[in-house]
Amino acid sequence: MKALLDVNFLIILLDSGHKNHHIVKEWFLDFAENPNNIWLSCATTQMGCIRILSTPTYSNPFKIQEIQKVLTGLINNTNHQFILSDIDLSNNDLINWQHIQGNKQLTDVYLLALAKLHNASFVSLDAKISPIVIKGFDSQNLITLL
């Protein structure tokens, strides 16, 4: 199984002080136990994770170099694959634009489309994500933990 991890999933996985860290860590460790499982990240998820965790107003802010080192360690010590963020929003037929309700959905929609393009599941903590925004996306490939 391949799984693209949401930005918030990565944030909570790397922030041991987060209230949902144990839920995310438990899922990730169970997933990583199977050597056939591969977790995916892309520039969007990596940069989003580093940006948010290094924001001074974040509840437990990290230094940029510190979080980059932790993220790199996770990538280098697990079954990880980097994928390109290569969907052109002006010329694609993956997204059902009429089902997008607002601007706050755009990153999740893009990541769902990326997961679909790479035959992966999308793992998030956001139960409000709807798979109908992506044409042909199987709801079984949307994993929400909360």
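Predicted model: local features only at pLDDT ≥ 70, side-chain atom pairs only at ≥ 80, totals over all residues.
1. Burial in α3. Helix α3 spans residues 43-53, and its buried residues are T45, Q46, G48, C49, I50 and L53. An α-helix has 3.6 residues a turn, so residues three or four places apart point the same way.

2. Geometry of the α3 and α4 pair. Two packed helices are described by the angle between their axes and the distance between the axes. Here the axes of α3 and α4 cross at roughly 140 degrees and come within 9 Å. The crossing of α3 past α4 is right-handed.

3. Residues at that contact. On the α3 side the contact is made by Q46, I50 and L53, and on the α4 side by I64, I67, Q68, L71 and I75. Of these residues, six are nonpolar, two are polar and none is charged. Q46, I50 and L53 are also listed among the buried residues of α3.

4. Cavity. The structure has one cavity of 30 Å³ or more, and the volume of the largest cavity is about 30 Å³. Its lining consists of F28, F31, A32, N37, I38, W39, T78 and N79. The elements that supply two or more lining residues are α2 (21-33) and β2; the largest share, three residues, comes from α2.

5. The residues lining the largest cavity comprise five nonpolar and three polar, with no charged residue.

Terms used. Residues numbered from 1 in each chain as written. Heavy atoms only, no water. Buried < 20%, exposed > 50% of the residue type's maximum accessible area, 1.4 Å probe, protein only. Helix = DSSP H or I, 4+ residues; strand = E, 2+ residues; numbered from the N terminus. 1 Å grid on protein atoms, 1.4 Å probe; cavity = no way out; pocket = protein on both sides within 12 Å on 5 of 7 lines; lining within 4 Å. Points joined across faces, edges and corners; volume = space filled by probe spheres on them. Nonpolar A, V, L, I, M, F, W, Y, C, P; charged D, E, K, R; others polar. Axes fitted to C-alpha atoms, helices over the stretch in contact; angles between N-to-C directions. Left-handed = near helix turned anticlockwise from the far one by under 90°. Contact = heavy atoms within 4.5 Å.
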